[in-house]
Amino acid sequence: MKKRLKLGDIYEIPLPNGKNAYGRLFKEYTLAIYEMICSSVEELPDTEDYQFFVGVYKDLLQDGEWKIVGNRKFDKEEDAWAPPQCVIDAITKIGSLYYKGEIIPCEYEDCKDLEVVAAWDRHHLVDRLMGDDKWIKSIGKPSV
């Protein structure tokens, strides 16, 4: 049975090393991945310190493989938007800002260090969390 998505839900992401990563659900199926990798959710600090934000496929949030282990509500709805990300045109390789559901033209300097918009599958996110950087080649970076 598919679960209803609730902003602020905390997902437990099991890792091959026996530890867990945790992600907080933001708008547009984006997980804010907490900096701390833990053995259990009880070890997760109360602070909202994230490694990165990443869009995932909706079904990963509903199929039950990643358990919902808590919820940290947002103070206001506006806070549930992930920070700006970069969209890279497949042909020109020119980047644009993606923020709050809108694509905004920008200069290279404005988006060169931002997370690239992508929908990640489970194994890609686990690879990234385990330090495997092969995902970088597939999403690319904006060109000058």
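**Exercise 1. Work out how many helices and strands the chain has, and in which order they run.**

Start with the count: the chain holds four helices and nine strands, where helices (H or I, at least four residues) and strands (E, at least two) are DSSP runs numbered from the N terminus. Keep in mind that this is a predicted model, in which local features need pLDDT of at least 70, side-chain atom pairs count only at pLDDT 80 or more, and totals for chains, interfaces and linings use all residues. Residues are numbered from 1 along each chain as its sequence is written, and side-chain values use heavy atoms, with hydrogens and water left out.

Next, walk from the N terminus: the order is β-β-β-β-α-β-β-β-β-α-β-α-α.

**Exercise 2. Find the largest nonpolar core and the elements that build it.**

First, the rule: a nonpolar core is a set of buried Ala, Val, Leu, Ile, Met, Phe, Trp, Tyr and Cys residues joined through side-chain atoms within 4.5 Å. Buried means under 20% relative accessible area, exposed over 50%, and partly exposed in between (1.4 Å probe, protein chains only).

Now apply it. The largest core has 17 residues, and Ile13, Leu31 and Leu125 have the most contacts inside it. Two or more residues come from each of β1 (9–14), β2 (20–26), β3 (30–34), β4 (50–56), α1 (58–62) and α3 (122–129).

Then zoom in on Ile13. Skipping residues up to four places away in sequence, its contacts (heavy atoms within 4.5 Å) include Leu31, Ile33, Trp66, Leu125, Val126 and Leu129.

Finally, look beyond this core: another one, of twelve residues, lies apart from it and has Tyr22, Ala32, Tyr34 and Phe74 among its members.

**Exercise 3. Decide whether Ser96 is buried or exposed, and list what it touches.**

Leaving out neighbours within four places in sequence, Ser96 contacts Gln85, Cys86, Val87, Ile103, Ile104, Pro105, Cys106 and Cys111.

**Exercise 4. Check the phi values of Glu28 and Lys100.**

Here's the background: most residues other than glycine have a negative phi.

Take Glu28: its phi is positive, near 60 degrees. Glu28 lies in the loop between β2 and β3 and is partly exposed, with a relative accessible area of 39%.

Then Lys100: phi is positive here too, at about 55 degrees. Lys100 is in the loop between β7 and β8 (102–105), and it's partly exposed at 29% relative accessible area.
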